[in-house]
Amino acid sequence: MAALLCATLVTVLMVTLDRFTVGALTEEVAAAGKRVATQMGQGRLQYPLADHPHRNIQVVDARGAVVASTPQLQGKPAMTTFMPAKVATTVVCGGVFPSGQCDIVVAQRVHRGAEHWIVYASSPTISPWVDPQLAALIGGAVALLAVGITYLGNRVATASLRPVRAISSELDEINAACPNRRVPVPPTDDEIHDLATSVNHTLSRLHTALKQQRQMVADVSHDLRTPITAIRAEVEDALYAPQETSVTRLGKTLMGGLDRLQAITRDLATMAKLDSGAPDVREPIALSTLVATELRARRTTKRIEHALDPEVWVAGDCSQLARLLASLVENAERHASTTIKVTVRKQPGDPSDDQRFPDGVAVLEVLDDGSGIPPHQRELVFQRFTRLDAARTRDAGGAGLGLPIARQIAEALGGTLHIEDSPRGARFVLYLPILAVTRSS
């Protein structure tokens with residue numbers, strides 16, 4: 001590429017130099033002819049007609065006869081026969097000139113009395129390379145330039161790509177056994193620095209995801225081990241002492257563990273669906289109607305009070321909203337002393353000022369009268385497999401997936417779910433974009 005560019009450069013340079021020298025030579029020939037034409041207009045000619053050994057001049061009368069000429073063309077006819085209107089230039093090869101030689105000829109019309117005479121001035125053309133020594137000098141300089149560009153380009157490219165090789169080498173060595181390693185970031189402020197920084201950010205996210213995956217596998221294994229162990233113990237007892245139990249009693253005992261296994265697998269399937277980002281069907285939903293239906297169908301030992309504002313419409317999936325409500329109510333049932341309060345209302349404006357709720361906000365609150373959650377632990381409950389009450393047994397508490405799933409559903413529907421202050425107990429507040437439709441819609 002360097003040789004090609006340099007060859008193009010020398011070609012353009014030589015063509016430009018040739019045109020410049022040819023133009024300058026043409027101007028000199030025209031000036032020599034004009035000098036003779038001026039002398040003719042004054043009625044006198046000064047010899048020698050040309051002041052350059054390689055320049056020829058002829059004076060031709062109105063009949064085409066040569067009346068004056070430089071010594072090289074003495075006794076020869078006119079060097080050309082074209083008749084200019086005033087001044088004209090052409091190139092003539094051969095003829096009165098030596099074989100193989102081409103001359104630049106400038107013809108000028110001169111008034112002599114009532115007749116029109118012509119003065120021809122000529123000079124040999126210049127070769128395209130102008131001068132062999134000059135052409136050799138330029139060619140050699142361009143060749144050295146090509147070699148220099150190639151060498152320096154190779155050095156610069158090698159130095160520039162050295163950090164890329166270091167990044168590539170480090171990436172080849174990073175695996176699951178050492179996920180905390182990072183690629184080296186060069187000190188330069190360029191694209192490679194940005195690339196290394198971006199790679200490290202990606203590796204950090206992958207490391208975090210890998211840690212979460214390992215933690216999830218460990219937690220799931222622990223949560224599954226407890227009901228499986230209980231089921232196995234019951235079955236073994238029944239096999240060793242069949243006379244001390246019955247199918248009905250054994251079935252009732254196993255159903256609790258099976259319910260827990262089913263709940264865990266259901267939560268894991270829901271999480272996998274939400275994590276995949278699969279699109280859900282959005283339809284207008286009367287939030288108050290949905291909440292009232294779910295609360296009527298729910299069996300609980302706690303008293304549930306509700307205040308449901310009608311005409312609160314949202315866009316979403318009924319099954320997902322029902323799952324979200326179930327997670328909030330189940331959490332409240334485990335912590336409430338006697339009463340759970342559920343409220344649905346709508347309010348104008350955007351509580352977070354991020355323009356996510358242009359038509360207003362649909363608010364769902366679930367409040368229990370339990371001991372509440374300390375402010376510094378409120379975000380922990382939305383992490384997967386996190387349960388704050390370590391004294392609870394696994395069967396008494398949840399698997400630690402309900403609230404994280406509820407938040408994922410809220411965010412998938414364009415809303416938010418968090419814990420707000422309350423005089424007593426835990427107050428979970430869901431904000432969803434309100435849907436401006438009527439009941440007939």
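Cysteine 318 is partly exposed in this predicted model, with a relative accessible area of 31%, whereas cysteine 6 counts as buried at a relative accessibility of 4%. A search of the whole structure finds one disulfide, and a search of the whole structure likewise finds one aromatic pair.

**Cysteines and the disulfide**

- The disulfide joins cysteine 93 to cysteine 102, with a sulfur-to-sulfur distance of 1.8 Å, and in general terms such a link is a covalent bond between the sulfur atoms of two cysteines.
- The link of cysteine 93 and cysteine 102 is right-handed, with 105 degrees about the S-S bond.
- Cysteine 93 is partly exposed, at a relative accessible area of 48%, and cysteine 102 is also partly exposed, at a relative accessible area of 25%.

**The aromatic pair and the charge over its ring**

- A pair of aromatic rings is described by the distance of the centres and the angle of the planes.
- The one aromatic pair found in the whole structure is formed by phenylalanine 382 and phenylalanine 428, whose rings lie 6.2 Å apart from centre to centre with 75 degrees between their planes, an edge-to-face arrangement.
- This pair links distant parts of the chain, since phenylalanine 382 belongs to the loop between β10 (361-368) and α7 (402-412), while phenylalanine 428 belongs to strand β12 (residues 427-433), 46 residues apart.
- Phenylalanine 382 is buried, with a relative accessible area of 8%, and phenylalanine 428 is buried as well, with a relative accessible area of 1%.
- The ring of phenylalanine 382 also has a charged group over it, namely the charged end of arginine 407, which sits 3.9 Å from the ring centre.

- Most residues other than glycine have a negative phi.
- Glutamate 311, although not a glycine, has a positive phi of about 60 degrees.
- Glutamate 311 lies in the loop between β7 (303-308) and β8 (313-316), and its relative accessible area of 35% makes it partly exposed.

How values were computed:
Residues are numbered from 1 along each chain as its sequence is written. This is a predicted model: local features need pLDDT of at least 70, side-chain atom pairs count only at pLDDT 80 or more; totals for chains, interfaces and linings use all residues. Side-chain values use heavy atoms; hydrogens and water are left out. Rings of Phe, Tyr and Trp (its six-membered ring) pair if their centres lie within 6.5 Å; planes under 30 degrees apart count as stacked, over 60 as edge-to-face and the rest as tilted. Helices (H or I, at least four residues) and strands (E, at least two) are DSSP runs, numbered from the N terminus. Buried means under 20% relative accessible area, exposed over 50%, partly exposed in between (1.4 Å probe, protein chains only). A charge sits over a ring if NZ of Lys or CZ of Arg is within 6 Å of the ring centre and within 35 degrees of the ring normal. A disulfide is a pair of cysteine sulfur atoms within 2.5 Å.
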